[in-house]
Amino acid sequence: MKLSSAFQSAVVVSAALLATCLPALDSPAASMQAAGQDPVTLIASARQAIETANTGWVPELERGDAAAVAAAYAQNGILITSNGIAIRGRSAIAARYRAEIARMGQVIGGGLVQEGVTVSAGMIYEWGHGWLAFRQKDGKRRVSSGPYFTVWRRGPDGTWAIIRNLVL
């Protein structure tokens, strides 16, 4: 049976996600954070960080402020692109956003819809879909869209940050 290229791509990206997310799940910090925290309390403690990142995403990209977008990531956070490339570290993630804006054109709109949130091992898992509209150098409008899966973890200082973000 021949598999579609879209299915094959999804398998490759899923394997990349597992390879980068599993080490985070085994961390002692994640286990310690999980102790004594019910899911409702954990989600409530992260709500502001998640809402700030999600509501700021499009306006920050419209301004071309890749550093502001990357600020939601932990210093050692990983962004996994739709083609399975893992971008490691906040500064590298900001550089990737800058490069994408330069390649795709000016961001002129977009949106993000969170479809779900759950808690496991003291971390928050968020998923949904997003889209961005670009004005390309030739003046044409292009839209890029797809689902996302984000893993949030509370750092030693108590702030929540993205440790893994998979864009499909």
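Here is a short walk through the structure shown above.

This is a predicted model, in which local features need pLDDT of at least 70, side-chain atom pairs count only at pLDDT 80 or more, and totals for chains, interfaces and linings use all residues. Residues are numbered from 1 along each chain as its sequence is written, and side-chain values use heavy atoms, leaving out hydrogens and water.

Let's begin with the parts list. The protein has five helices and six strands, which are DSSP runs (helices H or I, at least four residues; strands E, at least two) numbered from the N terminus. Along the sequence they follow the pattern α-α-α-α-β-β-α-β-β-β-β.

Now find the sheet. The six strands form an open, mixed sheet in the order β2-β1-β6-β5-β4-β3; two strands pair if DSSP finds at least two bridges between them. At the edges sit β2 (86–88) and β3 (106–120), each pairing on one side only. From one strand to the next, the twist averages 20°. Strands of a sheet pair through backbone hydrogen bonds, either parallel or antiparallel. Strand β1 (residues 73–80) runs antiparallel to β2, and three bridges join them.

Helix α3 (residues 39–62) lies across β3, β4 (123–135), β5 (141–154) and β6 (160–167), running at about 170° to β3. Helix α5 (residues 90–104) packs on the sheet too, touching β1, β2, β3, β4 and β5; contact means heavy atoms within 4.5 Å. The direction of α5 makes about 45° with that of β1, where axes are lines fitted to C-alpha atoms, for helices over the stretch in contact, and angles run from 0 to 180 degrees between N-to-C directions.
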